[in-house]
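Biologist: I would like to learn how to read the features of a model like this. Please take them in turn, general idea before particular case.

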Amino acid sequence: MKVSEAMIRDVSTIFEDETIEDFIVFCLRQNKSGLPVVDEEFRVVGFLSESDVIKSALPSYFSLLQSASFIPDTHQFVIRLGKIKDDQVSQHMVKPPVLIRPDDTVIYAADLLIKNGLKIMPVVDAEGKLMGIVNRIHLIHAATQGKIDR
């Protein structure tokens, strides 16, 4: 099965010159946890997730957040988040982003998602323009339907 058969084509994006606050508001309204970052020609130039924002606000604490025994200082988080909320998305996005092509196999997509610890991955054409996204749940669904070739 090809990525083109499992990808979501109706995709929300954010531009690289928008702010972290814009990203947060948009994600809240759309119930998203991350967005492809595009330039004015809709080429994917990065990816920003809620985890990236947390890492930017509390870089030294992020690895500790993986443990339930660590409760971060909420006050510090609020202060640091306030300091980056007006920053452009381009300052905090993951770049270069991990990308996949529509003709790649879903097995390859799953491998990239797992190896890179991702939940979502942009699907791009040969020019790097956004065509859609592939995410873990769509790959899981394809697997449960027996659509993934061995």
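Biologist: How many residues of strand E4 are buried?

Modeller: Burial is a matter of relative accessible area, and under 20% counts as buried. This is a predicted model, and in it strand E4, residues 120-124, is mostly covered, with five of its five residues buried.

Biologist: Which residues of E4 lie on one side and which on the other?

Modeller: Both faces of E4 are covered. Ile 120, Pro 122 and Val 124 are buried on one side, and Met 121 and Val 123 are buried on the other.

Biologist: What joins E4 to strand E5, and how do the two run?

Modeller: Strands pair through bridges, and at least two are needed between them. E4 and E5 (residues 130-135) are joined by five bridges and run antiparallel. In that arrangement Met 121 is opposite Val 134 of E5. The two strands form a hairpin, with five residues between them. Gly 128, in the turn, has a positive phi of about 85°.

Biologist: Is Ser 49 buried or exposed?

Modeller: The cut-off for burial is again under 20% relative accessible area. Ser 49 has 15%, so Ser 49 is buried. This residue is in strand E3. Leaving out residues up to four places away in sequence, Ser 49 touches Phe 23, Ser 33 and Gly 34.

Biologist: Which residues of helix H3 are buried, and why do they line one face?

Modeller: For a helix, look down the axis and see where the buried residues point. In H3, residues 50-57, the buried residues are Asp 52, Val 53 and Ala 57. Seen down the axis of H3, they fall within an arc of 135°, so they line one face of the helix.

Biologist: How many aromatic pairs does a search of the whole structure find?

Modeller: Planes over 60 degrees apart make a pair edge-to-face. The search of the whole structure finds one aromatic pair. Phe 15 and Phe 42 form this edge-to-face pair, at 5.6 Å centre to centre and with 65° between the planes. The pair links distant parts of the chain, since Phe 15 is in strand E1 and Phe 42 is in the loop between E2 and E3, 27 residues apart. Phe 15, at 30% relative accessibility, counts as partly exposed. Phe 42 also counts as partly exposed, at 40%.

Biologist: What share of the 150 residues of the protein chain counts as buried?

Modeller: Totals for the chain use all residues. Of the 150 residues, 35% count as buried. The chain exposes about 9000 Å², and carbon and sulfur atoms supply 52% of that area. The protein chain has six helices and five strands, which run α-β-α-β-β-α-α-α-β-β-α from the N terminus on.

Terms used:
Residues numbered from 1 in each chain as written. Predicted model: local features only at pLDDT ≥ 70, side-chain atom pairs only at ≥ 80, totals over all residues. Heavy atoms only, no water. Buried < 20%, exposed > 50% of the residue type's maximum accessible area, 1.4 Å probe, protein only. Helix = DSSP H or I, 4+ residues; strand = E, 2+ residues; numbered from the N terminus. Arc of directions from axis to C-beta. Areas by Shrake-Rupley, 256 points an atom, 1.4 Å probe, with all protein chains shown as cover. Phe/Tyr/Trp six-rings, centres within 6.5 Å; stacked < 30°, edge-to-face > 60°. Contact = heavy atoms within 4.5 Å.
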